[in-house]
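Here are some notes to read alongside the model, for anyone opening it for the first time. Have the viewer ready and click through as you go.

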Amino acid sequence: MSPEAVRPGTVDLGTAAGGGALLVIGDVVTDVVARHRTPLAHGTDTAAEIRTLPGGAGANAACWAVRAGCADVRLLARVGADAHDWHEERLRRAGVRAHLVRDEKEPTGTVICLVDATAERTLLTDSGATLRLTPADWSPELLAGVARLHLSGYLFFAATARELAAAAMESARERGIPVSVDPASAGFIEEWGAGRFLSAVTGAETLLPNADEARLLTGRSDPVDAAAELSRQVPLAVVTLGGDGALVAEAGAVTARLPPIPAQAVDSTGAGDAFTGAFLAARLRGATPERAAAAGCRAGAHAVTIPGGRPRTP
């Protein structure tokens with residue numbers, strides 16, 4: 001890992017009290033966020049507010065975990081040489097200890113986020129270097145001092161990245177380190193197959209899908225039923241419901257329903273990543289799944305009030 005990054009001076013979602021680091025393996029991308037207040041006009045111009053921001057589900061979750069009070073958050077990802085230094089600096093400023101593999105062949109992944117007047121986003125994704133992580137980029141030494149491993153689901157949608165994810169999960173299991181997975185994309189799950197995805201994440205301790213992903217993974221239309229079904233396949237399933245809160249399920253039953261946190265939404269990009277980061281930070285501090293999900297809901301509600309997928313940094 002790179003030398004310890006400068007930490008933000010304040011955190012407003014909790015204080016670090018647990019032991020061990022959080023290692024996130026996932027994606028770092030460049031987000032082009034276009035917020036348009038009127039429907040897209042086909043074949044002509046639509047006025048929009050456009051910003052280029054650092055993003056990626058894995059990187060976002062890592063940044064939110066720092067903001068939620070996790071004192072040692074690490075990230076393994078692959079980025080193109082074109083934007084390596086920019087992303088490394090942004091992560092350092094956010095307090096994340098990033099190990100970014102420089103890819104000389106493919107550019108950094110780019111996501112165009114079209115955000116409408118309701119704050120809902122539509123994503124156009126060019127994965128670029130993101131999914132080119134390979135087993136050669138992994139070493140069990142990266143788990144030194146790590147108490148939790150989190151994998152972005154995007155890793156499972158490319159063969160070599162999937163091999164790395166499998167190797168990392170196996171290394172974590174050998175050391176008794178719990179593994180969590182964010183399924184990441186209903187569209188990619190549908191394309192690759194729910195059964196294949198669930199098979200690939202066998203051994204994970206926690207699954208963190210949104211409602212659409214949970215439905216796809218189980219074939220159950222009701223998120224409550226879907227959460228319960230998922231918890232028969234992993235010990236803990238936590239399903240985010242957007243503006244309706246979240247569900248916690250264990251051993252085949254929903255054990256907690258978290259109410260929504262009111263928020264004036266401007267951009268839903270990264271809200272799920274904020275939930276994930278705060279949830280994992282709370283779990284590292286020893287919080288129960290219900291209390292950790294409550295922390296996740298608070299972070300998600302804050303995330304939708306700011307453009308882009310990450311918290312503001314000093």
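1. Start with Ala119, in the loop between strand 6 (109–115) and strand 7 (121–126). Keep in mind that this is a predicted model. Ala119 is not a glycine, yet its phi is positive, at about 75 degrees. Most residues other than glycine have a negative phi. Ala119 has a relative accessible area of 3%, so it counts as buried.

2. Now go to Ala251, in the loop between strand 12 and strand 13. Here too phi is positive in a residue other than glycine, near 50 degrees. Is Ala251 buried or exposed? With a relative accessible area of 75%, Ala251 is exposed, because the cut-off for that word is over 50%.

3. You'll find it in the loop between strand 1 (21–25) and strand 2 (29–35). Asp27 is buried but has no salt bridge; Arg310, the nearest side chain of opposite charge, is 8.7 Å away. What does the side chain of Asp27 meet instead? A polar contact of 3.1 Å links it to the side chain of Ser152, and one of its polar atoms lies 2.9 Å from the backbone nitrogen of Ala57. Leaving aside neighbours within four places in sequence, the contacts of Asp27 also include Gly55, Gly56, Thr130 and Tyr154.

4. On to the cores. The largest nonpolar core has 48 residues, and Ile25, Trp138, Leu149, Leu151, Phe156 and Val181 have the most contacts inside it. Which helix gives the most to this core? That's helix 3 (residues 159–174), with six residues. A second, separate core has 43 residues, including Ala68, Val238, Ala292 and Ile306. In soluble globular proteins, nonpolar side chains tend to be buried together.

5. Setting aside neighbours within four places in sequence, Val181 is in contact with Leu151, Phe156, Phe197, Val201 and Leu207, among others.

6. Helix 9 (residues 289–303) passes a simple length check: at 1.5 Å a residue, its 15 residues should span 21 Å, and its end C-alpha atoms are 21 Å apart. Its buried residues include Pro289, Ala292, Gly296, Cys297 and Ala303. Among the elements covering the buried residues of helix 9 are helix 1 (57–67), strand 11 (236–240) and helix 8 (271–284).

7. Last stop: Val96, in the loop between helix 2 (84–94) and strand 5 (97–103). At 2% relative accessibility, Val96 counts as buried. Its C-alpha atom is separated by 6.4 Å from that of Cys63, 33 residues apart along the chain.

Notes:
Residues are numbered from 1 along each chain as its sequence is written. This is a predicted model: local features need pLDDT of at least 70, side-chain atom pairs count only at pLDDT 80 or more; totals for chains, interfaces and linings use all residues. Side-chain values use heavy atoms; hydrogens and water are left out. Helices (H or I, at least four residues) and strands (E, at least two) are DSSP runs, numbered from the N terminus. Buried means under 20% relative accessible area, exposed over 50%, partly exposed in between (1.4 Å probe, protein chains only). Lys and Arg count as positive and Asp and Glu as negative; His and the chain ends are not counted. A salt bridge is a side-chain nitrogen of Lys or Arg within 4 Å of a carboxyl oxygen of Asp or Glu. A polar contact is a pair of N or O atoms within 3.5 Å; within protein, one must be able to donate a hydrogen and the other to accept it, and residues adjacent in sequence count only if both atoms are side-chain atoms. Contact means heavy atoms within 4.5 Å. A nonpolar core is a set of buried Ala, Val, Leu, Ile, Met, Phe, Trp, Tyr and Cys residues joined through side-chain atoms within 4.5 Å. The expected span of a helix is 1.5 Å times one less than its number of residues.
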